[in-house]
Amino acid sequence: MSRIGKLPVEIPAGVEVSVTESNYVTVKGAKGTLEQQLPKEMLISKEENQVVVNRPNDLKKMKSLHGLTRTLVANMIEGVTKGYEKKLEINGVGYRAQKKGKKLVLSLGYSHPVEMEDPEGLEAVVEGQNVIIVKGIDKARVGQYAAEIRFKRPPEPYKGKGIKYANEVIRRKETGK
């Protein structure tokens, strides 16, 4: 049995969860609503204040989908109650970020400023000039937008200049002098 998959997901107060026959899960909470089509093979049931995920058989595919499905439901519930955020840091002389309405304007040493529009349902907040916090209720979309921001200037190994995640460790190289 999957150690993660067999754990029931608690539904906190103020959160509504509905599951259709085809495993289309809708979670409504204080921060918003999330909807997702989960694998049809899994048996998802709502029992009182818990969501329980079971698998039909012990095939390798079912074992892998079991833990995944349970984690996706747990992430949806956590997203509508607490929300998710990813923190990015900008390192480098002259590198900075600023907000102009719904646009994130990055000065990253290129000949032009890089402008990025905040996607629907996500928000990028700039603290100071070199910290960006991406906030939202969908864990996957928050991570994807943070990765797109980081991709504009990934950290380089010699001086550590670029955009990195707050908890990321950059392996530094020695310059050949």
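1. The lining of the largest pocket divides into five nonpolar, two polar and three charged residues. Here Ala, Val, Leu, Ile, Met, Phe, Trp, Tyr, Cys and Pro count as nonpolar, Asp, Glu, Lys and Arg as charged, and the others, Gly among them, as polar. The lining residues are L34, E35, Q36, L72, N75, M76, I137, D138, K139 and A140. Strand 4 (33–37), helix 1 (60–81) and helix 2 (139–151) are the elements that give two or more residues to this lining. Helices (H or I, at least four residues) and strands (E, at least two) are DSSP runs, numbered from the N terminus.

2. This is a predicted model: local features need pLDDT of at least 70 and side-chain atom pairs count only at pLDDT 80 or more, while totals for chains, interfaces and linings use all residues. Residues are numbered from 1 along each chain as its sequence is written, and side-chain values use heavy atoms, with hydrogens and water left out.

3. The volume of the largest pocket is about 160 Å³. A pocket is an open set of points on a 1 Å grid over the protein atoms alone, where a 1.4 Å probe fits, with protein on both sides within 12 Å along at least five of seven lines; lining residues have an atom within 4 Å of a point. Points are joined across faces, edges and corners, and the volume is the space filled by probe spheres set on them.

4. The largest nonpolar core has 21 residues, and L104, L106, I132 and I149 have the most contacts inside it. Such a core is a set of buried Ala, Val, Leu, Ile, Met, Phe, Trp, Tyr and Cys residues joined through side-chain atoms within 4.5 Å, buried being under 20% relative accessible area with a 1.4 Å probe, protein chains only. Helix 2 gives the most to this core, with four residues.

5. Strand 7 (residues 84–91) pairs in the antiparallel sense with strand 12 (residues 131–136) over six bridges; pairing requires that DSSP finds at least two bridges between the strands. Within this pair, K87 has I133 as its bridge partner. Strand 7 also runs antiparallel to strand 13 (residues 162–165), with four bridges, and there I90 is partnered by I163.

6. A separate point concerns the open sheet of three strands, with order 1-6-5 and antiparallel pairing. Strand 1 (9–10) and strand 5 (43–47) stand at the edges, each with a single partner strand, so one side of each lacks a neighbour in the sheet. Five bridges join strand 5 to strand 6 (residues 50–54), with E47 partnered by Q50.

Technical notes:
Buried < 20%, exposed > 50% of the residue type's maximum accessible area, 1.4 Å probe, protein only.
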